[in-house]
Each structure stands twice: as structure tokens, then as C-alpha cells.
Amino acid sequence: MPAIEGTTDSWAAWVERWYATSTLTLKVRRTFRIIMAKAGRWLVEEYPEITAPDQWTRQTCAAWVAKVDRLAVGEYVQREYGLSKRDGEPVSPRTKAGYLTATRTFFRDCQEWEWIPRRFDPARALATPRSVHALIGPNPRMIADDIWAKLLWAGLNLEPEDLPANSSGPCYPMELIRAVTLTWLFSGQRSDEIARLRVGCIRWQHDGAPIPGDSRDVLAKDAVCLLDVPTHKTGTAFTKPVDPLLGQAIEAWQAIRPDQPTMLDRKTSEHVDLLFAMRARRVAKTYINGTIIPSLCRKAGVPTADVRGNITSHRARSTIASQLYNAKEPMTLFEPPRVRWGLDFV
């Protein structure tokens, strides 16, 4: 992280002290550090006499909440290079709520750790305005049914010539690529969860009893394929039923997967056998957005963006969840599918 600039040395030292002490995840700490640095630049402009959090009052909090409510993209940033096309436009309600959440967390921690006296209640003085809350809600960016059906067809029929390659072919074995592709299309998981799946994450059951994946004693349609999902953004590890096509693709990759060294799972701090790893390196979670999705779009003859924006890895999750919720018998992403998700459109 670059050194904080544009604030007083005292404010920057307080922010760095909080950053070094907080037990939030690294990504969240970095985001909150950036937001509190912006608050420091705002203080320099509006309240230069305030250089430390113990000088904040309820009036200061009210002024900061009002400023956040009117904040524009690009204000109080440290580096202007690469600003989005929305530079100068109002920030979204969800971003406003995030700024105030970061500020509440910073002052709550400073008070609870007895770094500063308790002069106000952060939960009340820095609460997100009701007018902002009212504008925040679910906004699933579903992929249209016709485009989704074409992407499913492309994923089920993916060939080496459909992928970017060098003189020796695609950078990964096709078994790995197909497994990653079908996991994105059928599991409804986040890209980080897909990249962190572990060897042996697929299990099969029939009438509640475990069976081998290649068993010939039970018809495939009668067996339930289970996927073990690791600890994720909002909860602990869990197991969910998935389409057998996904299980078969993962087992095909596991059958030829070369031995790989265990790798650190940064979320759980464990050394594990990552399923999608090759040449002693994990497959990046950006591989789906950067390679798989563009290749599927080319094969399916659909654009990489629609009226709702770019087709990204998370939009498959939104699409599957919406299809399940709007079904005749509504379900969630944690329930077993009664039909193969989306295949009825093919």
C-alpha cells in the first residue's frame, strides 16, 4: 500500500495504527484505510484544526455524513490516474453506505481499544441516512435466457480451438478447462470459491449412502452429486447438490491431475490441495473473467456485454439464483436442483 498523502501526519499515523491493529480481512482493511485517508483529506480542506480522531464531535460526524451524501467520484483521491468514466458523477448509494460503515468501524474500534475517549456513539452519529438506505437493494444482473442457453451450449461443447493458445495449444489441459467452465456454469459459486475448491470436493450419494463416482450399480440420474464448498465470503464451508455433469467433469480432471504441492488458502490459513492448480501454481480467480467467458462468448456468437453490463463470473450466480427463485417451486442456491439448471433452454 502506498503511503498516505494529502492528510496531516497525525491523522495518517492514526489510520496506519488502526490498519496494523484491526483483525478484519486484508482486503477490507485496505478498503477502510483508503476511505479514512479520504476523510483526512476532507479534514484538511474543511476542518484543518482537527488532526486526530479524539477531536471529532457529533457536529464533525454530521458534517462528514452530509459530505458523503454529496460525494462525487474522484473527490479526495490520492492518485487520479485511471479514474473511471464516471469521474465527477455522484457516488452510488451503496458506496455511500460503505464509506459510513468504514468510518463507524474506525471510531468504534478506537473507542473500544481505549485509544480515544467516548465522546459520541458512532452507530448513531455516523448512521447511514434513511434516504440512502431506501435506495439500496438487491440488483441481480441476470443474463438473458437466450444468451445463457447459448453459453451453456458453448460450455458443454468447448474444444481446444475455441481457446487462446500458443504453439503447443491452450495453457492448461482441456480436462481442467472443462472442469472450470462447468463449475462456473452449474455451481452458482463465486470466482474466489471456485479457485479455492479442493481435491476430493465431489462426492456421490444414492438413497443417502455414499457411492463411487464411476459406479455402474446405480443409474446416473438416481445418484446425487455433492460439491464441498470451502469457507467463503459470508459463511463457513458447506456441501450442496450440483448437476452430475459438473461432478463428472471434475472427476475427469482429478484422474489426470499431476501431483501438486499444497498451497496456502489465505482465507483459512491452511495448506491444502487446490483442485485447480497446475505447474505448482493455482489457477487465478480472474481466469474465468479473462479467458473462459470471452471464449464462450465467441463460440456462442454472443457479445461479452449486454444492457446490464459486462458478462462476468458473478452474473452466472445471479442468473442461477434468479432462475431457482422464479421457478414453479422456488428454491435457493443451497437446495438440490430438480432439473439441470438452464438445460431446459438448450
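How do the residues of the lining of the second largest pocket divide into nonpolar, polar and charged?

First, the ground rules. This is a predicted model, in which local features need pLDDT of at least 70 and side-chain atom pairs count only at pLDDT 80 or more, while totals for chains, interfaces and linings use all residues. Residues are numbered from 1 along each chain as its sequence is written, and side-chain values use heavy atoms, with hydrogens and water left out.

The chain has 346 residues, and 43% of them are buried; buried means under 20% relative accessible area, exposed over 50%, and partly exposed in between, with a 1.4 Å probe and protein chains only. Its secondary structure comes to twelve helices and ten strands, taken as DSSP runs numbered from the N terminus, with helices being H or I of at least four residues and strands E of at least two. Of the contacts between residues at least 6 apart in sequence, 63% join residues at least 24 apart; a contact is heavy atoms within 4.5 Å.

Now the cores. A nonpolar core is a set of buried Ala, Val, Leu, Ile, Met, Phe, Trp, Tyr and Cys residues joined through side-chain atoms within 4.5 Å. The largest one has 49 residues, and those touching the most other members are Trp148, Leu151, Trp184 and Phe276. Elements that each supply at least two residues of this core include helix 7 (145–156), helix 8 (174–186), strand 3 (224–229) and helix 10 (244–256). Helix 8 gives the largest share, nine residues. Take Leu151 as an example: beyond four places in sequence, the residues it touches include Trp184, Leu185, Leu296, Cys297 and Ile311. There is also a second, separate core of 36 residues, with Val15, Phe32, Ala52 and Phe107 among them.

Phe32 brings me to Trp18. Trp18 sits in helix 1 (residues 9–21), and counts as buried because its relative accessibility is 1%. Phe32 is 14 residues away along the chain, and the two C-alpha atoms are separated by 9.8 Å. Not counting residues up to four places away, Trp18 touches Phe32 along with Leu24, Arg29, Arg33, Thr105, Phe106, Asp109, Trp113 and Trp115.

Asp265 is counted as buried because its relative accessibility is 2%. A polar atom of its side chain lies 3.0 Å from the backbone nitrogen of Lys267. Outside four places in sequence, Asp265 is in contact with Arg196, Arg198, Glu270 and Val272.

Next, the empty space. Rolling a probe the size of a water molecule over the atoms shows where empty space is left. On a 1 Å grid over the protein atoms alone, a cavity is a set of points where a 1.4 Å probe fits but cannot get out, a pocket is an open set with protein on both sides within 12 Å along at least five of seven lines, and lining residues have an atom within 4 Å of a point. Grid points are joined across faces, edges and corners, and a volume is the space filled by probe spheres set on the points.

The search finds one cavity of 30 Å³ or more. The largest cavity has a volume of about 50 Å³, and its lining includes Val180, Ser191, Phe276, Lys285 and Tyr287. Helix 9 (191–195) and helix 11 are the elements that give two or more residues to that lining, and helix 9 has the largest share, three residues.

The largest pocket comes to about 1900 Å³. It is lined by 39 residues, of which Lys27, Arg190, Asp192, Lys233 and Lys285 are the closest to its centre. Helix 12 supplies the largest share, six residues. By class, this lining has 15 nonpolar, eleven polar and 13 charged residues; Ala, Val, Leu, Ile, Met, Phe, Trp, Tyr, Cys and Pro count as nonpolar, Asp, Glu, Lys and Arg as charged, and the others, Gly among them, as polar.

That leaves the opening question. The second largest pocket holds about 380 Å³ of space, and of its 17 lining residues the closest to the centre are Ile34, Lys38, Val77, Gln78 and Arg79. Helix 2 gives the most to this lining, with seven residues. The division is ten nonpolar, three polar and four charged.

Terms used
Polar contact = N/O pair within 3.5 Å; in protein donor to acceptor, adjacent residues only side chain to side chain.
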